[in-house]
Amino acid sequence: QSTKMWSGRFREPLDPTFESWQRSFPFDWRLVPYEVEASIAHARAIEAAGILTSEELLQMEEGLRAVAKQHAEQGEAIVTFNPQAEDVHHYVELELTKQIGDLALKLHTGRSRNEQIATDMRLFVREAIDNTLAGLTAWRKSLIELAESAGEATMPSYTHLQRAEPVLVAHWLLAYVSMIERDASRLTDARKRMNLCPLGSGAVAGATLSLDRTIAARALNFDAPTPNSMDATSDRDFALEFTQAIATLGIHISRFAEELTLYSTAEFGFLDLPERFSTGSSAMPQKKNPDLTELIRGKSGRLLGAATTLATLIKGLPLAYNKDLQEGQEPVFDAADTITGILSVLPAFTASLKFRFDTMKTAAHNGYLNAMAAATYLTDKGIPFRKAHEHIGNAVRLGLETQRELQQLTLEELRTICPEFAEDFFPAITLEATLDCHDVIGGTARPRVKSALAEAKARLTEH
Ligand code: ARG
């Protein structure tokens, strides 16, 4: 008997180069635990359909668990030991035959590799989502703690990378918390949508046995069986959504990485990179380089690549299963591995950040960051904003020419610009007043940030 799963109608052996080139086992070996769980679920369903006795089911479950154990113990080495295995499905069947003999050959009754790979990949992605969510919670927590410890420390905010208005450092950090919360909700949402079981879909038209599909679905913790066999065997939306959600997350992480890379330069000097997470130069003895944030910025490109590969792969495929889909596995694995790697270092790196709050505050104080607050002062006196804007612009011009900030101009000078300026102008444009005039939901006024922080903390324990 041939070791192939499909050799009956063939007379010629495969070209050896083609044979080894088309194998997916060198990368899909990592699906063994999911393949085993899905096989146990299927075995239960065919037992209920009368294909296996309860005694045979027990034997089969035991044999399948032994295959999983071998994978757990030997890891990737199973690939080298089994050059004849075409893919993960073939491998499990071959190993099961070694364990329980010809009984193993009954396992494939009423199923197809097309539904198996669709199921294995869903199980893989579901777990990857759960791991990513756990990592995201850890990162979110470290950002919230950092925001808390920043207290009322201030920094400039930027638009066009030009100093704009002062903000609380906590407000800046909470911006990333908002992004993470959206990322987490995208992943949670995708998980809900994908949590349906393809088993019982057969090769394309549905199982050829009247299987109770809810048995396998329940065994694998899916909410229900998928509703259409053609869709279920060729759908990879779950992988697409996962990689797209991860790519968006990667974009956020990359922006954070870029900001820290920038802020750690001598030109900004907002933070001293933690030595534990930095590297030196083999050439320039003085260097401390931000490799961690640079690598993260770079790896986010791979995440986008995975999403693009999948979208491109799927868009031209006629229904239902096509072998092209095998190419969709590696980008999913790479995206999962890449985000796991990033989230294994990011929370600890974030927690170890030490800001130079004095430098940040000086930057927040210089460069007319209180000009908007100053204009608001005039509008409070009843001057239309457009006019107020013009007056403060003139005051800034005077400051630039004489190298002074707005608060260093004299009242007399200010009154030549606009007679509405009075003594109460100066308390209205202090750093604190400039912060606190943004007293709206989502603004950087100190009490608003305090409650935003408390709310972010509360949401952290919610799920
Ligand atoms: N290794 C294949 C894949 O990943 C499994 C499904 C094979 N199905 C088939 N009809 N050749 O897509």
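F242 touches V125, A128, I129, A190 and V332 in this predicted model, when residues up to four places away in sequence are left out of the count. The largest nonpolar core has 98 residues, and F242 belongs to the group, together with V125, A170 and L173, that touches the most other members of that core. In soluble globular proteins, nonpolar side chains tend to be buried together.

**Cores and domains**
- The chain is divided into domain 1, covering 12-109, domain 2, made of 114-207 + 226-361, and domain 3, covering 363-462.
- Taken over C-alpha atoms, the centres of domain 1 and domain 3 are separated by 69 Å.

**Packing of helix 11 against helix 13**
- Two packed helices are described by the angle between their axes and the distance between the axes.
- For helix 11, which spans residues 237-263, and helix 13, the angle is about 35 degrees and the axes lie 10 Å apart, while the crossing of helix 11 and helix 13 is left-handed.
- On the side of helix 11 the contact is made by A239, F242, T243, I246, L249 and I253, and on the side of helix 13 by P331, V332, A335, I339, I342 and L346.
- The residues of this contact between helix 11 and helix 13 comprise eleven nonpolar, one polar and no charged.
- F242 and V332, both named in this contact, also touch each other in the list of contacts made by F242.

**Backbone features in loops**
- Most residues other than glycine have a negative phi, and most peptide bonds are trans.
- L319 and A320 are joined by a cis peptide bond, with omega at about 0 degrees, and A320 has its place in the loop between helix 12 (291-315) and helix 13 (329-351).
- L161, a residue other than glycine, has a positive phi near 60 degrees, and L161 is found in the loop between strand 1 (154-159) and strand 2 (162-168).
- L161 counts as exposed because 7 C-beta neighbours lie inside 10 Å, the cut-off for an exposed residue being 12 or fewer.
- Q403, also a residue other than glycine, has a positive phi near 55 degrees, and Q403 is found in the loop between helix 16 (385-402) and helix 17 (411-417).
- Q403 likewise counts as exposed, because 7 C-beta neighbours lie inside 10 Å of this residue.

Notes
Residues are numbered from 1 along each chain as its sequence is written. This is a predicted model: local features need pLDDT of at least 70, side-chain atom pairs count only at pLDDT 80 or more; totals for chains, interfaces and linings use all residues. Domain bounds come from an automatic or database domain assignment. A nonpolar core is a set of buried Ala, Val, Leu, Ile, Met, Phe, Trp, Tyr and Cys residues joined through C-beta atoms within 7 Å. A residue is buried if 20 or more other C-beta atoms lie within 10 Å of its own, exposed if 12 or fewer, and partly exposed in between; C-beta atoms are placed from the backbone. Two residues are in contact if their C-beta atoms, placed from the backbone, lie within 7 Å. Helices (H or I, at least four residues) and strands (E, at least two) are DSSP runs, numbered from the N terminus. Axes are lines fitted to C-alpha atoms, for helices over the stretch in contact, and angles run from 0 to 180 degrees between N-to-C directions. A crossing is left-handed if the near helix is turned anticlockwise from the far one by less than a right angle, and right-handed if clockwise. Ala, Val, Leu, Ile, Met, Phe, Trp, Tyr, Cys and Pro count as nonpolar, Asp, Glu, Lys and Arg as charged, and the others, Gly among them, as polar.
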